[in-house]
Amino acid sequence: MKKIATTTLLLAFFFAFSQQKTIDQKIDALLKQMTLEEKIGQLNQYSGDNAATGPITIHLNKINEIKNGQLGSMLNILGAKYTRQYQELAMQSRLKIPLLFGQDVIHGYKTTFPIPLAEAASWDLPEIEQSCRIAAIEASASGIHWTFAPMVDIVRDPRWGRVMEGAGEDTYLGSKIAYARVKGFQGKKLGDLNSVMACAKHFAGYGAAVGGRDYNSVDMSERMLWETYLPPFKAAIDAGAATLMNSFNDLNGIPASGNNYLIRDILKGKWNFKGFVVSDWGSIGEMINHGYVKDSKEAAIAAIIAGTDMDMESNSYRNNLAQLVKEKKINVSLIDEAVKRILRKKFELGLFDDPFRYCNSEREKDALNNPEHAKIARKIASKSIVLLKNEQHILPLSKNIKTIAFIGPMVKLKRANHGFWAIDLKDVDSTYIVSQWEGLEKKVGKNTQLLYAKGCGIEDESKADFQEAIDVANQADVVILSIGERWNMSGEAKSKSNIHLSEVQENLIKELQKTGKPIVILINAGRPLIFNWTADTMPTIVYTWWLGSEAGNAIADVLFGDYNPSGKLPMSFPREEGQIPIYYNHFNTGRPAQNETNTNYVSAYIDLPNSPKFPFGFGLSYTTFQYADLKLSKQKMKNDESIEVSLTIKNTGKFAGEEVVQLYLRDKVGSVVRPILELKDFKKINLEVGETKTIKFTIDNQKLSFYNSKLEFNSEPGDFDLMIGSSSTDIRLRDNFELIN
Ligand code: GLC
């Protein structure tokens, strides 16, 4: 039996190697036929004329360039029909090299899932992978080969608008989610019809923009870069990410698009990355604005030498590379390397065998109207909701309530629920998007009277609609108030210096509070907002982010207890902007603040506590969980050993529910200072009422290792605190162990 298995394995390996050898041979053969212009064409990417996700650059003879084989890829071309039209043009070129179609399929294509930061709050890796799988099925059926996702930028600054697009502040959670998202997008292997290439972005450090201001400079130690910001990219590459995208920012003085250290040394060197790197929109040309290069020619040199393979929309490669080769300012081998990386992906996607294999209108129609997709979207949307307060146990609401007043500017919105980076398909109406009002209507049916009032706007300070809201509230048994920021107040180029809930909305809450009615507050946002008075005063608060196509159903499921909320915050919520950057895994300093009152000669503000309003990993449930029986298999371990950790969790409340059990470690002493605690593992489990489960974790050397001042990734002997918590501040069980030589 064993002999057969070995033979089979050898044959499979030989076939794969011969297959790979075939692709390499095909690439080399094709490269030999290509003119310099055709090679440079492969490094060129344009956007479609009817959509732009950056400063507009009109290309007058795009069609001819495609016919002449001088374009390698397009973005913002949607649909089997339109991608086919452009592919047909490419097939008129001399060598018939197919176009790659890329798109920002960030959280769904037609079926839209919660914004990525909301999904991160689910801490549910299989569900997150599943949502990317559905996105890939729908996008690939619409002619898309490549999504510019996942965005894996770690971010500790909610002023930055793109916080909505990632997985929050923690490197461990962010790395796990990056891995899951790449697996979801790329499926079993590239070339499967339901798969799209992933693109881990933005490489690197983009989330650490000074002041939280988009596109701003980033300056950090190499140790911080390796310890905090690079691991999610490595996780994405370990998951097989086909591509990466440059970030716009300069990093330690060198723009990412021309950064040899990032691309040549780390990505293509140390990490041996075999995919290709696309610039961000115009980012190669923007090195002129950075003052890093004098002109477009120098920009092209800097980028191609650094290893950026494809130029999105800046024309730097198109306009300069041929001349630079002729002037012997760059070696054609640099262009050949980039072309080969791009051609390899086109072969792997099967586009040379059939350039139209993703442009099938029948498949598109089926994929975009599959009711199963909505069910999956509804489930992860429910899991992304975070219950921040439920002091009087108003929630879950009874289905026998006679009258509910559903008030607020978000209640009847449709498209807004998609949040930023959603795809507004022109020829698809928004009836499939379930508004919050529709979700509640469907949930309560005829049993309950639903009253509506807008109450207020989002930005305008008018109180003109307050009275109507007060009137409907007075007629109701319960008030649900849905407020927050506008959906496009977060996203690209949407940084905000003030992230407070608008004054008019807090004033409306104060007026409604006077009615004495029980009030449930829903906060819709793409970032952590600041709402201190509401958080201190109102007993029931639910963070609903932007939940996608099934928002209304998911919110109704949670409000009425058909889903017991399990979301946990992937970011710290500041009390004031003055605390930012704020994150849980900070260093202790030489004068740690021991409490929130004594600020004398300690690292503290004299006007505000250091702690966040709501901490990383926080989220309530309708039930309660008891943590007990923490056991470690040993109290001392060598770095070639591991410690088995076990504990029990019991559902001690009245509702079945899910809990995210979080394992944190603290390395007490290191050759560089170490965080006061760091997330090193977690498990999301479901428990029926009264049910107890045993949870197991393994502590291995990897979990104890960090980058020292020489950038060596090692563990160091010494004492460790182990904490098991329901959040980063709600530690339920503690123990300690020692790492010995
Ligand atoms: C945008 C974004 C990037 C996106 C690209 C294409 O400027 O920075 O994330 O993928 O351009 O739309």
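Modeller: First, a convention: axes are lines fitted to C-alpha atoms, for helices over the stretch in contact, and angles run from 0 to 180 degrees between N-to-C directions. Keep in mind that this is a predicted model. Two packed helices are described by the angle between their axes and the distance between the axes.

Start with α17 and α21. Helix α17 covers residues 436-444, and helix α21 covers residues 551-559. Their axes come within 7 Å. They cross at roughly 50°. Angles under 35 degrees count as roughly parallel, 65 to 115 as roughly perpendicular, over 145 as roughly antiparallel, and the rest as oblique.

Now the residues. On the α17 side, the contact uses Q436, G439, L440, K442 and K443. On the α21 side, the partners are G552, N553, I555, A556, D557 and L559. Sorted by class, this contact of α17 with α21 has four nonpolar, four polar and three charged residues.

Take α6 and α15 next. Helix α6 spans residues 125-141 and helix α15 spans residues 361-368. They pack at an angle of about 150°, and their axes are 8 Å apart. α6 and α15 are therefore roughly antiparallel to each other. Their crossing is left-handed. From α6, the contact draws on I137, E138, S140 and A141. From α15, R363, E364, A367 and L368 meet them. The classes in this contact of α6 with α15 are four nonpolar, one polar and three charged residues.

Helix α8 runs over residues 222-229, helix α10 over residues 260-270. Here the axes come within 14 Å and cross at roughly 50°. α8 and α10 are therefore oblique to each other. Their crossing is right-handed. E222, L225 and W226 of α8 make the contact with Y261, L262, I266 and K270 of α10. The residues of this contact of α8 with α10 divide into five nonpolar, no polar and two charged.

Now the chain around these helices. The protein chain is divided into domain 1 (1-33), domain 2 (36-100 + 255-369), domain 3 (370-579) and domain 4 (625-740). The C-alpha centres of domain 1 and domain 4 lie 43 Å apart. An unreviewed UniProt entry places the feature "domain: Fibronectin type III-like" at residues 659-728. Over residues 659-728 the chain is 6% helix and 56% strand. The end C-alpha atoms of that stretch are 14 Å apart.

Finally, some backbone details for your checks. The peptide bond from A149 to P150 is cis, with omega near 10°. P150 sits in the loop between β4 (146-147) and α7 (171-186). I580 and P581 are also joined by a cis peptide bond, with omega about 5°. P581 belongs to the loop between α21 and β17 (625-632). A493 is not a glycine, yet its phi is positive, at about 60°. A493 lies in the loop between β14 (478-484) and α19 (503-513).

How values were computed
Residues are numbered from 1 along each chain as its sequence is written. This is a predicted model: local features need pLDDT of at least 70, side-chain atom pairs count only at pLDDT 80 or more; totals for chains, interfaces and linings use all residues. Side-chain values use heavy atoms; hydrogens and water are left out. Helices (H or I, at least four residues) and strands (E, at least two) are DSSP runs, numbered from the N terminus. A crossing is left-handed if the near helix is turned anticlockwise from the far one by less than a right angle, and right-handed if clockwise. Contact means heavy atoms within 4.5 Å. Ala, Val, Leu, Ile, Met, Phe, Trp, Tyr, Cys and Pro count as nonpolar, Asp, Glu, Lys and Arg as charged, and the others, Gly among them, as polar. Domain bounds come from an automatic or database domain assignment. UniProt positions are given in the numbering used here, feature names are shortened, and annotations may be inferred rather than shown by experiment.
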